[in-house]
Amino acid sequence: MYIAITFLIAFVALLLVFWGGKVLLKGSWLLGFLRGSVGLLLLAGALLIVLVALDVYSYRNLADEHSVGTVSFERLDDQHFMVKFADEDGISKEFELYGDQWQLDARMLKWKGALARWGIEPAYRLDRLSGRYLTLQDERSKERSVYALDESGHGVDVWSTLRSMDNRLPIVDAVYGSATFLPMEDGAVYEVRISHTGLLARPLNQQARSALNEWR
């Protein structure tokens, strides 16, 4: 579905390129300044639309609840862990997290109005992994850690733009989907799943279950 959306946006961009080129090349330059300005604006609009399409294409379709990966922990020191995140494609990354708890965040695009009625599912992109201390004093005084998992790589960030507009567009909302902060424990392994309501982390081994029981 998102490939189709990307191609639709790209088609609009091609139309703008065609119109922009036509204006720039048409006839004499008697009205060159005005014609050139309009043509350049159309070409710039086409480039912007292409960049928007590339950013939207980086999001994954969310049809049903499914796993987005696993998170495992190795204690390095007190309130200091090596964290391995293996995503749904089997790609693993390692991060050093400080604190007592961890959280995974995702960016979500939720379509509204006609797009929702046409059956276009929400989209998501994993955003960041962070650590947190249990006490406010530790949170203020000790080292903190937040890592970006996937960033906009084309100079356009559709999600942030929508958030800055307070989601005023009638066709889409940009929202956060975050797993609840859960305890970090040596040897603990969690599975992270995503649904239309956001992220949910579940313990996969005894170390994670014991940490959860003690925390609750």
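**Pocket and helices**

Biologist: Which element gives the most to the lining of the second largest pocket?

Modeller: This is a predicted model, in which local features need pLDDT of at least 70, side-chain atom pairs count only at pLDDT 80 or more, and totals for chains, interfaces and linings use all residues. Residues are numbered from 1 along each chain as its sequence is written, and side-chain values use heavy atoms, with hydrogens and water left out. A pocket is an open set of points on a 1 Å grid over the protein atoms alone, where a 1.4 Å probe fits, with protein on both sides within 12 Å along at least five of seven lines; lining residues have an atom within 4 Å of a point. With three lining residues, the largest share comes from β6.

Biologist: What is the volume of the second largest pocket?

Modeller: A volume here is the space filled by probe spheres set on the grid points, which are joined across faces, edges and corners. For the second largest pocket that gives about 270 Å³.

Biologist: Which residues are closest to the centre of the second largest pocket?

Modeller: The lining has 14 residues. Two or more of them come from each of β3 (80-87) and β6 (123-132); strands are DSSP runs of E, at least two residues, and helices are runs of H or I, at least four, numbered from the N terminus. Closest to the centre are Arg60, Asp87, Leu126, Leu149 and Asp150.

Biologist: Is aspartate 138 buried or exposed?

Modeller: Aspartate 138 is found in helix α4 (residues 136-141). Buried means under 20% relative accessible area, exposed over 50%, partly exposed in between (1.4 Å probe, protein chains only). Aspartate 138 has 15% relative accessibility, so the label is buried.

Biologist: Which side chain makes a polar contact with the side chain of aspartate 138?

Modeller: Leaving out residues up to four places away in sequence, aspartate 138 touches Gln79 and Tyr133; contact means heavy atoms within 4.5 Å. A polar contact is a pair of N or O atoms within 3.5 Å; within protein, one must be able to donate a hydrogen and the other to accept it, and residues adjacent in sequence count only if both atoms are side-chain atoms. At 3.4 Å, the partner is glutamine 79.

Biologist: Which strands do the buried residues of α6 pack against?

Modeller: In helix α6 (residues 206-215), the buried residues are Ala208, Ala211 and Leu212. They lie on the same side of α6, because their arc around the axis is only 100 degrees, taken from the directions from the helix axis to the C-beta atoms. The face turned away carries exposed Asn213 and Glu214. The buried residues pack against β9 (182-183), β10 (189-195) and β11 (198-203).
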